[in-house]
Structures are given as C-alpha cells and as structure tokens.
Amino acid sequence: MNSILYPACALVSLLALVFKLRVIRTDRSPTQLGLVGNFFFLFVTFTVSTPAVWIAISRAVGIVNFSGLLSQSTVILSAACQQLVLLHLSHTRDVAWRKAVPRLAALATVLVGMVALFFTATSAGENPGDFALTRAKYYPAYIALYLLGYAANQIDIGVMGWRYAKIAPTPWLRRGLRLVAASLPFGMIYTGCRVADIVAGQFGTTGHPWEPIAQLAIAGTVLKTVGWTLPDWGRYLGAAREWFELRRTHRELAPLHRAVTAQVPEPVLALDDGADLRTRLYRRLVEIRDAQWALRTWMDPAVADAARRRATAAGLADDDLAAAIEAAQLKDALQAKARDRRPEALTSTPRIAQPQDLAAELAFQRKLARAFAESPSPQPLEPALPTSCP
C-alpha cells in the first residue's frame, strides 16, 4: 500500500506547494510562508516514506532507517508550520510569535529527543514498510516520544483551527479551517494505532492486523492540505458555481420572457454581442417586469381572485402564492390581448409580490417562470355577441 498511498500524498503536497509558491510572489506574509513550509515538509515526508526512495536515501547517508527519522521529523516540522499559520491568523504578529516560542521550544525538545533515541535504537535492517510499527515493538521510547509531539501538535492545530473558523473574515477561509479541524480524528486514529502497537509489542505480538487503518489515517493529511489551500482556489469554485447558477436562471426565465415579449416587444433592448451573462440576465428581469406592467390593462381582477382561491386551496403561501397569482394573470392577459378583448374592470397593479432587492427579485421571477409554465391555460373567452343595427 505504501508504494501507492505515499506517492499519491506526495503529489498532492507538491501541487499545493507549487500553488503556494505562486501566491508568495505577491504575498510574503508569515501565514503564506508558513503554508509553504508546511507543504514542503509534507512533500518530503511522503516522498521519503515511499519504499524505493526510503531505501535509496538511507543507503546514500549510510545510516540504517535514516529515512524513518527524516520522515517523522518533517511531520513534526510540518505541524510546527501549521501552528505558526494559525497563530498569525488569530493574533497580531508580536502576540503570535510570543505564543509560538514555547510551542517551538517544545517541538525542538521532541526532535532532539527523537534523534538521541533513534541512534540508540537503530536495527539491523531497513523497514520502509513498517518502520513505525517495528519501532513501537522494539524501541517504544522513541515512538512514544514521536507520538507525544505528533498528537500534541494535531490537537493544538485542530482546536485552534476550529476556534478561528468561527470568526474568520471570509467564507472560504472558514470552510478551509473547518476542513483542517476535521482532520483531527484521522490524527487521533493514527496515534491510537501506534499506541496499540506499543502495547502489543510488550505482549510479544505486533500491530500488523490494524496497520492498514494506521496507513489510511495518514491519508487524512490530504484533507488538511485541501483545507489550507481552499481559501485560495475556493473563490474560483464559487465563481464557477455562480456562473452556472446565472446560466441556469437565464435559461429558466427564457420561456416566460418569450411569451410576454412576443406580444409586448417594446421593452426589449438590443444588447452587444459581448454583453456578459449577468447583464443579459438583468435585462431579462427588467424586460419581463416592463412587459408585465404593459399587460396590466388586459388583466381581469376576477382572474386574480380565482387564482388566489385555487393556490390557497393547494396550500401555497407567501411568494409561491404570489407567483401563482401573477402567472395566472399573465396568461389571461396574453390571451385577452391576442383576442383584443379588454376586461371591463382593470387591475390596479400586476404585482402581487414586492421583492426588496435584486437577489429577491431574481428568486421570485424563477418562481414566477415555473408557475407560468405549470399554470393551466385560462378558459377560452366567449365570442362577442353581434351588435344589432339600429
């Protein structure tokens, strides 16, 4: 599994690193630099953990399982970078560095201790596939110190990420920090598996049965990587979603727009070929409303009353009720205009709903378009009686 899982995670980390390197060309704040460091150390971690690379590096250095020490050290360094990012997001620079000092000192102590214990725990063979598991059995002090630093970092990152997500200034930053916090259970699962390895080793057995769970838990790092980069590329996702929503709305309003402007073409303005979708949609909203007002003199108040009774009986209320009434009025008015039969009584206003802003108007016209498509056609008008000659 390591031959597939770790290269995949390394690729994700590399893509995030390349993306962030482009960002820091214009923004070299501590948060951005910290994220660059985080992705770099993650890339090193997963690259070194790949079995073929693991063996090559250890042989090049001439120290058995040196790759294990390197990969686990970069895990700690990656977490330190993430802590710096969260501290600088949550506090001013001076306060952030003051709070970072004890954290960095503790991590430095963990790293020094890991190096010391590693060289007293070196085994006779390379263990690219189960380094942590083997160390848990034969050298529990080394792996226990690593797990202490790892778990403390993960908890600190998860807690800080969740707290700041509540007050982060932008939606995509809030979403990204929630994803970062959501990766905490994966870290705890990994820690639990390694603690179980230590316990199992003391009873003369190994943790091989649950090793796949530990390896998959490491993949939770990908979730954290997505969370850290989401504030940068999330806005493009939001823009794409907005474009598709505008496109969908423009298409939904097309039948209603064609129906009303076919008989009231005056409100329609020719737009340049280069007009963007937002402009076209705005014009469509205006033209539908203008045509609706122009059709007011063909609207029969009795039609609105009948439509209200039917819609109320069907359980409609609020904007749904208003859309049903306006749709019935429009259909009847279009038929009356086509037959040149004005009602005896006139409607004072064609509007039942009164949206307060553009977004509300857009939402209501979508309901109006659906109600217009679903509204039953008015009963045919009775033919006019012939006028007798005097």
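Predicted model: local features only at pLDDT ≥ 70, side-chain atom pairs only at ≥ 80, totals over all residues.
Close-up A. Glu252 lies in helix 11 and Arg370 in helix 15 (residues 358–374), so the pair ties together parts 118 residues apart in sequence. Glu252 is partly exposed, at 24% relative accessibility. Both residues belong to a network of salt bridges that also links Glu245, Arg248 and Arg366.

**Close-up B. Glu242 and Arg278 form a salt bridge.** The closest N and O atoms are 2.3 Å apart. The pair links distant parts of the chain: Glu242 sits in helix 11, Arg278 in helix 12 (residues 277–294), 36 residues apart. Glu242 counts as partly exposed at 38% relative accessibility. Arg278 is partly exposed too, with a relative accessible area of 46%. Trp243 is also placed in helix 11, which covers residues 220–263. The relative accessible area of Trp243 is 44%, so this residue is partly exposed.

**Close-up C. A salt bridge joins Arg103 and Asp156.** The N to O distance is 2.6 Å. Arg103 belongs to helix 5 and Asp156 to helix 7, so this contact ties together parts 53 residues apart in sequence. Arg103 is partly exposed, at 26% relative accessibility. Asp156 has 16% relative accessibility; buried means under 20%, so Asp156 counts as buried. The structure holds 13 salt bridges.

**Close-up D. Phe118 and Tyr142 make a tilted aromatic pair.** Their ring centres are 6.1 Å apart, with 55° between the planes. Phe118 lies in helix 5 (residues 93–119) and Tyr142 in helix 7 (residues 140–165), so the pair ties together parts 24 residues apart in sequence. Both Phe118 and Tyr142 are buried. With Phe119, they form one aromatic cluster. The structure holds seven aromatic pairs.

**Close-up E. Charged side chains sit over aromatic rings.** Arg175 lies over the face of Trp172, 4.4 Å from the ring centre. The charged end of Lys331 sits over the ring of Phe372, at 5.4 Å from its centre.

**Close-up F. Leu14 takes part in a nonpolar surface patch.** Leu11, Leu15 and Val18 complete the patch, which covers about 340 Å². Leu14 is found in helix 1 (residues 2–23). Its relative accessibility is 31%, so Leu14 counts as partly exposed.

**Close-up G. Helix 2 spans residues 30–49.** From first C-alpha to last, its 20 residues reach 28 Å, close to the 28 Å expected at 1.5 Å a residue. Of the 20 residues, 14 are buried, so helix 2 is largely enclosed by the rest of the structure.

Definitions and conventions. Residues numbered from 1 in each chain as written. Heavy atoms only, no water. Helix = DSSP H or I, 4+ residues; strand = E, 2+ residues; numbered from the N terminus. Buried < 20%, exposed > 50% of the residue type's maximum accessible area, 1.4 Å probe, protein only. Patch = residues over 30% accessible without salt bridge, like charges linked within 9 Å, V, L, I, M, F, W, Y side chains within 5 Å. Areas by Shrake-Rupley, 256 points an atom, 1.4 Å probe, with all protein chains shown as cover. Salt bridge = Lys/Arg side-chain N within 4 Å of Asp/Glu carboxyl O. Expected span 1.5 Å × (residues − 1). Phe/Tyr/Trp six-rings, centres within 6.5 Å; stacked < 30°, edge-to-face > 60°. Lys NZ or Arg CZ within 6 Å of the ring centre and 35° of its normal.
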